[in-house]
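Here are some notes for a colleague who is meeting this structure for the first time. Please read them with the model open beside the text.

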Amino acid sequence: MSQILLFFQDQILGMRWLNELIGSILTSIGLNIDEKIGGMLHFFIYDSIKIFILLSVLIYIISYIQSYFPPEKTKKILGRFYGIWANILGALLGTVTPFCSCSSIPIFMGFTSAGLPLGVTFSFLISSPMVDLGALILLMSIFGWKVAVLYVIAGLIISVVGGRLIEKLGMDDQVADFIKQTDNVDVGFVSLTVKDRRNFAKEQVIETVKKVSIYIFVGVAIGSVIHNVIPEHWIQSILGDHNFYSVPLATVVGVPMYADIFGTIPIAESLLLKGAGLGTVLSFMMAVTTLSLPSMIMLSKAVKRKLMIVFVAIVTVGIISVGFMFNIFSFLLM
């Protein structure tokens with residue numbers, strides 16, 4: 001069984017065969033993949049192709065599943081649950097929405113205007129960019145299944161706890177007035193055929209790939225530089241798990257950036273290979289995908305300052321806590 005899992009992780013998800021194939025092609029045309037230029041090109045081509053293949057397959061599957069849950073139906077399902085179970089369902093819903101943080105905010109606004117509890121909508125808002133199913137598969141291809149599963153669990157815990165805290169604080173009056181005053185119309189459910197669902201999934205693949213491709217290319221390019229140019233001792237001295245400040249530093253550095261998790265993973269992969277702490281790398285990923293500056297600017301139009309500060313504080317503390325935990329127990333996971 002362990003051999004099957006190893007084969008699945010290395011050859012199916014990790015595409016080790018593709019890595020070897022690209023290495024052989026570059027070598028055959030006279031490039032040395034053990035030197036900087038050849039190594040950067042090898043990393044860039046391999047990681048780009050691997051991510052786009054996995055992304056396209058995953059988005060197709062997730063979008064096909066999503067076609068059974070249009071927004072109106074999702075609102076009604078969420079409206080049947082109360083308390084922490086509603087937060088858990090909201091967080092789980094976020095895992096099957098392949099959106100970056102900026103794309104999740106309009107859906108959050110729609111759920112809020114529909115009258116869903118504020119804590120539930122925030123559980124969705126935190127979970128959606130941080131722990132989608134596509135991220136789980138890509139994380140498995142790089143970090144292994146244990147790290148990937150624990151990352152998703154940690155993200156869901158942050159989402160549920162964050163949503164519950166916001167709900168307990170009674171901050172419904174901190175939502176922008178235009179959202180509360182929006183009229184909602186139940187348009188009913190449209191019955192889709194299998195062909196319709198396939199077409200929807202294909203359209204989602206094309207739209208998502210177009211939207212995230214630039215971030216993937218930039219992320220892979222940065223990762224290739226880190227992997228082949230920056231000395232390992234530099235990374236270890238700043239971001240090694242022995243430095244108490246590495247997790248907060250990675251979290252703060254990640255906030256001004258804007259990328260979805262697919263563009264962040266190549267950078268995280270390179271940092272980890274160069275000796276950065278596991279928790280430090282995962283904190284960086286969470287901060288980039290959940291607290292990016294552009295998404296915070298968008299969110300500030302939907303909620304008032306007090307709620308904005310509480311949201312950022314809760315998520316930041318959660319991310320840093322998870323980072324420290326992963327750094328402490330990384331020797332058990334890797």
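**Notes on the aromatic pairs, the salt bridge and the helix packing**

1. Phe44 has a relative accessibility of 27% and therefore counts as partly exposed, and Phe217, with a relative accessible area of 36%, is partly exposed as well. Please keep in mind throughout that the model is predicted.

2. A search of the whole structure finds four aromatic pairs. In one of them, Phe44 and Phe217 are stacked, with 6.1 Å from centre to centre and 25 degrees between the planes. This pair links distant parts of the chain, since Phe44 belongs to helix 3 (residues 36–66) and Phe217 to helix 11 (residues 194–228), 173 residues apart. Phe44 and Phe217 are also joined with Phe52, as ring pairs link Phe44, Phe52 and Phe217 into a cluster.

3. What angle do the planes of Phe122 and Phe311 make? The planes of these rings stand at 50 degrees, with the centres 5.4 Å apart, so the pair is described as tilted. Phe122 is found in helix 7 (residues 118–130) and Phe311 in helix 17 (residues 305–333), so the pair ties together parts of the chain that are 189 residues apart in sequence. Phe122 is buried, with a relative accessible area of 0%, and Phe311 counts as buried at 1% relative accessibility.

4. For the chain as a whole, there are 17 helices and zero strands. Buried residues make up 50% of the 334 residues. Among contacts between residues at least 6 apart in sequence, 83% join residues at least 24 apart.

5. On the side of helix 7, the contact is made by Leu118, Gly119, Val120, Phe122, Ser123, Ile126, Ser127 and Met130; on the side of helix 9, the residues that make the contact include Tyr151, Gly155, Gly162, Gly163, Ile166 and Glu167.

6. Leu118, which lies in helix 7, deserves a separate look. Is Leu118 buried or exposed? At 5% relative accessibility, Leu118 counts as buried. Leaving aside residues up to four places away in sequence, Leu118 touches Thr112, Ile166, Met171, Asp172, Val175 and Leu307. The C-alpha atoms of Leu118 and Gln174 are separated by 9.9 Å, although the two residues are 56 residues apart along the chain.

7. Glu167, listed above in the contact of helix 9 with helix 7, also takes part in a salt bridge, in which its side chain meets that of Arg164 (3.9 Å, N to O). A search of the whole structure finds one salt bridge. Arg164 and Glu167 are three residues apart in helix 9 (residues 145–168), which means that about one helical turn separates them. Glu167 has 30% relative accessibility and so counts as partly exposed.

8. A further helix pair to inspect is helix 13 (residues 246–254) with helix 15 (residues 278–290), which pack at an angle of about 25 degrees with their axes 8 Å apart. That angle makes helix 13 roughly parallel to helix 15. The crossing of helix 13 and helix 15 is right-handed. Helix 13 makes the contact through Ser246, Val247, Ala250, Thr251, Val253 and Gly254, and helix 15 through Gly279, Thr280, Ser283, Phe284, Ala287 and Val288.

9. Within this contact, which residues does Ser246 touch, not counting residues up to four places away in sequence? Ser246 touches Ile238, Leu239, Gly240, Thr280 and Asn327, and one of these, Thr280, is a residue of helix 15. Ser246 has its place in helix 13 and counts as buried, at 0% relative accessibility.

Note on methods. Residues are numbered from 1 along each chain as its sequence is written. This is a predicted model: local features need pLDDT of at least 70, side-chain atom pairs count only at pLDDT 80 or more; totals for chains, interfaces and linings use all residues. Side-chain values use heavy atoms; hydrogens and water are left out. Rings of Phe, Tyr and Trp (its six-membered ring) pair if their centres lie within 6.5 Å; planes under 30 degrees apart count as stacked, over 60 as edge-to-face and the rest as tilted. Helices (H or I, at least four residues) and strands (E, at least two) are DSSP runs, numbered from the N terminus. Buried means under 20% relative accessible area, exposed over 50%, partly exposed in between (1.4 Å probe, protein chains only). A salt bridge is a side-chain nitrogen of Lys or Arg within 4 Å of a carboxyl oxygen of Asp or Glu. Axes are lines fitted to C-alpha atoms, for helices over the stretch in contact, and angles run from 0 to 180 degrees between N-to-C directions. Angles under 35 degrees count as roughly parallel, over 145 as roughly antiparallel, 65 to 115 as roughly perpendicular and the rest as oblique. A crossing is left-handed if the near helix is turned anticlockwise from the far one by less than a right angle, and right-handed if clockwise. Contact means heavy atoms within 4.5 Å.
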